[in-house]
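Hello,

Here is the structure we talked about. Please look it over, then read my notes below.

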Amino acid sequence: MANDPEYDLGNTRNSVHFVCFDCRVCFKQPNSSNWDSTLPERPFPCPECREQMHAMGRHFKAPPRRDKRQWLKVELLYHYGERFVAGNSDLGRSCATLSDTVTYLTGPYRSLSEVRQVLHAIRGRKAIRANSNPTRE
Ligand SMILES: [Zn+2]
């Protein structure tokens, strides 16, 4: 039946972008979905470090790998539950730079110092990883 929501299941699936924040890589996972909760978020390990990757949404565009500030921005957005999905299409525009993103995430219920603290923690974690385990082989 065309009106049955289950009928068109094949078309509800798409390729969601998965990222590894530490390796700064992004891959599409076929047959994943932004919104269909009947499709589990399968464990999808990073091919470089084997850590579990993070679903960013179908409309995510990965920054260049060398652009650490942009990747920091992406991880900060992920931390606060922002995803690049159809209903959130202004996200890329509102958060063009890292400082735009900090402003965007700051609001009546979240102070600037809280967002900066999270950003600081993400930076700190990266520094620890880079120093203690550079190759992760
Ligand atoms: Zn990785």
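Which residues touch the most other members of the largest nonpolar core? Phe18, Val19 and Met56 do, in a core of 17 residues. β1 (14–20), β3 (54–57) and α2 are the elements that each give two or more residues to this core. A nonpolar core here is a set of buried Ala, Val, Leu, Ile, Met, Phe, Trp, Tyr and Cys residues joined through C-beta atoms within 7 Å. Buried means that 20 or more other C-beta atoms, placed from the backbone, lie within 10 Å of a residue's own; exposed means 12 or fewer, and partly exposed is in between.

A word on the source. This is a predicted model: local features need pLDDT of at least 70, side-chain atom pairs count only at pLDDT 80 or more, and totals for chains, interfaces and linings use all residues. Residues are numbered from 1 along each chain as its sequence is written.

The protein chain has five helices and three strands. Their order is α-β-β-β-α-α-α-α. These are DSSP runs numbered from the N terminus: helices are H or I, at least four residues, and strands are E, at least two. Of the 137 residues, 18% count as buried.

Methionine 56 has contacts beyond its neighbours within four places in sequence: His17, Phe18, Val19, Tyr78, Arg83 and Phe84. Contact means C-beta atoms, placed from the backbone, within 7 Å.

Now α2. Its buried residues include Trp71, Val74 and Leu77. Glycine 81 follows α2, with a positive phi near 80 degrees.

Best wishes

How values were computed:
Contact = placed C-beta atoms within 7 Å.
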